[in-house]
Amino acid sequence: MKQRMTMLFLSLALLLFPLCAVNAETIPAERQMPRLVDDAGLLDSTEEVLLEKKLDEISERQQCDVAVVTVNGLDGKSPTAYADDFYDYNGYGYGAGNDGILLLVSMEDRDWAITTCGNAIDVFTDAGQEYIVSQFRPDLSGGKYYDAFDCFAEQCDY
């Protein structure tokens, strides 16, 4: 009986494993994006280099992707749906659990959203996200984009 239960468990594990194993390795290289994507052009080149370096360092040390994406429009989607799709489609996520957090800023209606995946869902609780937002939002609202994104990164690291 014990052997039968073990075989059943292993069979189920092998059946479910492919559903959980989608990560950056399965995303074609041309779709994998850096941790900073400034399509809205909110940062100058020096700020981009500094911020991307910081996001990379935090992500590697914490083993959880921390990303910032700016866009001009949302293609008819809600900010949250766009952020979720962007994260999934572009190969974000650290490790087998695709752990990560992404801040999306859209200039179309001056919207933003945060999406989390993997262990980051538990780490960055709703209350934690509200606190992070309270820290960077004044700079974001004031057009101090580098300061806002730097603060987001710092808060995620903390």
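**Fold and packing of the chain**

Of the contacts in the chain with a separation of 6 or more, 62% join residues 24 or more positions apart. The model is a predicted one. Its secondary structure amounts to six helices and four strands. Read from the N terminus, the elements follow the order α-β-α-β-α-β-β-α-α-α. The chain has 158 residues, and 39% of them count as buried. Its accessible surface is about 9300 Å². Carbon and sulfur atoms contribute 55% of that surface.

Helix α3 spans residues 79–89. Its buried residues are P79, Y82, A83, F86 and Y87. Viewed down the axis of α3, these residues fall within an arc of 130°, so they line one face of the helix. They pack against four strands: β1 (36–38), β2 (65–71), β3 (100–106) and β4 (111–117). Just after α3 comes G91, with a positive phi of about 75°.

Aromatic side chains also feature in this region. The structure contains six aromatic pairs. One aromatic cluster is formed by Y82, F86, Y87 and Y92. Of these, Y82, F86 and Y87 are buried residues of α3.

A further site is D147, which lies in helix α6 (residues 145–157). D147 counts as partly exposed because its relative accessibility is 39%, a value between the limits of 20% for buried and 50% for exposed. D147 and F136 are eleven residues apart along the chain. Their C-alpha atoms are separated by 7.7 Å.

Notes. Residues numbered from 1 in each chain as written. Predicted model: local features only at pLDDT ≥ 70, side-chain atom pairs only at ≥ 80, totals over all residues. Heavy atoms only, no water. Phe/Tyr/Trp six-rings, centres within 6.5 Å; stacked < 30°, edge-to-face > 60°. Helix = DSSP H or I, 4+ residues; strand = E, 2+ residues; numbered from the N terminus. Buried < 20%, exposed > 50% of the residue type's maximum accessible area, 1.4 Å probe, protein only. Arc of directions from axis to C-beta. Contact = heavy atoms within 4.5 Å. Areas by Shrake-Rupley, 256 points an atom, 1.4 Å probe, with all protein chains shown as cover.
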